[in-house]
Amino acid sequence: MRLDEFIDEFERDEAAQRRRLAAEKSYAITDHLEDVERQVQQAVQDDTLVGSTAPEIFVGRSGYPNVSTGLLSPVEPDAAAEGFATSSDWYDSGLGIEDVLQRRTGLLNSAQSLSVDSVQQRGSAYDVWDGFVGVQREVAIADHPVDVEVGLDGTPEIDVGFDDVRTPTGPRASATGADLTENPHVPRSVEKTLSDDDWAAEGAMTYLYRRGFDVYDINTILSAGALGQASERSLVPTRWSITAVDDTVGQYLRGSLQTADTIDKPEVWYNEYMGNRYWVLLAPGRWEFELVEMKAPESVWNPRPESGYYLASAYEGYEGRTGYVEETAGAYYAARLAALEHLQERGRQAKCLVLREITDDYWAPVGVWQVREGVRNAFEGEPGIGQSFRETLDAITDQLPVGLGPLRRKSELVAGLQSQLTDF
């Protein structure tokens, strides 16, 4: 599709972008939490919760190496457990922010506190396959929700926990123990990674990815401490496991493309999801990647609203990165993975610039899964084709909330336009 035709389809509607959803939605979530509290009271009988748990767990990071580790179980007895686990199906189903919060707050986190300090320490969270951690690991490696019986100590605490990387968490209760009430089915590929006590976690992750496991499944298994050399298998906080899997798989894909031909002409792709607008620009040349986030004033994401849009960015060149991304955190690795998956499918490499506009319609954090899916699905349909990277960027500037000047000051790729124009 010609670039001008592509751009014509995206006239900015300023009135729609300034919708004030936060206030209305917060009331809806408050009402929902009252329903959850009633459901929890009905589901918990004699300090025991019997239900079907999604193939998902939660490991906290606060106080590490002393962590809170739990099983996530729908409190509604007739709920379809599969729908509560974070996955790409949420995007395909068109879930909005409120839908995600309702699903996540409908999961009771039955948790225990454990230390991951020492492999010799009694009760540590290393390669253990019995007790509470054993049940948690069985749930994590299963390919379908598993029925469990959980003993609870006290009344569940009704609260909502937010994070910019992981999905929200709902009510929490202290668990005295847990038992499986059925035998979980474990995929053969997962059994293979478990049976090899010398297989490093990075290699096991990429093996599972090549066998068709999505990153959602892999980070659950990693978080449960069920990947890696047996002497080093340990619980991994959920926030860390999400980024670790995105980064590891991304590095694998980047390595596989280093000798690939480049794309022929600059391309621009677009998607919008949950109040996030994604512009993905690809240009001929060796692999480079950058994520630039543009955060709206008067939104929860902007620490300095009086200064207008707040810009954050992170960049890597052909050889990749050696240090963790601080400014854009897990969103960087999620967006990079999505772009690399698209290029891997085409067998091409390219320079890639992802521009993420975070509007005030994105009123509550639901995790970086929406970044991953937002960029993944930007590559559906047909791109706009330009003659140069500069022309492509100029064409979308009117659609962005900031001008070329602020972008040039923040972006490595945009700042290098003049000096590298021939490369494009």
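Helix axes are lines fitted to C-alpha atoms over the stretch in contact, and angles between N-to-C directions run from 0 to 180 degrees. The structure is a predicted model, in which local features need pLDDT of at least 70 and side-chain atom pairs count only at pLDDT 80 or more, while totals for chains, interfaces and linings use all residues. Residues are numbered from 1 along each chain as its sequence is written, and side-chain values use heavy atoms, with hydrogens and water left out.

Two packed helices are described by the angle between their axes and the distance between the axes. Here helix α10 (residues 238–256) and helix α11 (residues 329–346) have axes that come within 9 Å and cross at roughly 35 degrees. Helices (H or I, at least four residues) and strands (E, at least two) are DSSP runs, numbered from the N terminus. The crossing of α10 and α11 is left-handed, a term used if the near helix is turned anticlockwise from the far one by less than a right angle, with clockwise being right-handed. Residues in contact (heavy atoms within 4.5 Å) include Arg 239, Asp 246, Val 249 and Leu 253 of α10, and Ala 329, Tyr 333, Leu 337 and Glu 341 of α11. The residues of this contact of α10 with α11 divide into seven nonpolar, six polar and six charged. In this division Ala, Val, Leu, Ile, Met, Phe, Trp, Tyr, Cys and Pro count as nonpolar, Asp, Glu, Lys and Arg as charged, and the others, Gly among them, as polar.

Ala 329, in helix α11, has phi near 50 degrees, a positive value in a residue other than glycine. Ala 329 is buried, with a relative accessible area of 8%; buried means under 20% relative accessible area, exposed over 50%, and partly exposed in between (1.4 Å probe, protein chains only). Phi of Met 274 is likewise positive, near 50 degrees, in a residue other than glycine. Met 274 is found in the loop between β8 and β9 (276–283) and counts as buried at 10% relative accessibility. A cis peptide bond runs from Tyr 64 to Pro 65, with omega near 15 degrees, and Pro 65 is placed in the loop between β3 (57–59) and β4 (66–74).

A search of the whole structure finds eleven aromatic pairs. Rings of Phe, Tyr and Trp (its six-membered ring) pair if their centres lie within 6.5 Å; planes under 30 degrees apart count as stacked, over 60 as edge-to-face and the rest as tilted. The rings of Tyr 273 and Trp 369 form an edge-to-face pair, because their planes are at 75 degrees, with the centres 6.0 Å apart. This pair links distant parts of the chain, 96 residues apart: Tyr 273 in strand β8 (residues 267–273) and Trp 369 in helix α12 (residues 369–376). Both Tyr 273 and Trp 369 are buried. Trp 287 and Phe 289 are stacked, with ring centres 5.8 Å apart and planes at 5 degrees. Trp 287 is buried at 4% relative accessibility, and Phe 289 is buried at 0%. Ring pairs link Trp 287 and Phe 289 with Tyr 324, Tyr 332 and Tyr 333 into a cluster.

Two arginines lie over the faces of tyrosine rings. Arg 286 is placed over Tyr 318, at 3.7 Å from the ring centre, and Arg 372 over Tyr 216, at 4.9 Å. A charge sits over a ring if NZ of Lys or CZ of Arg is within 6 Å of the ring centre and within 35 degrees of the ring normal.
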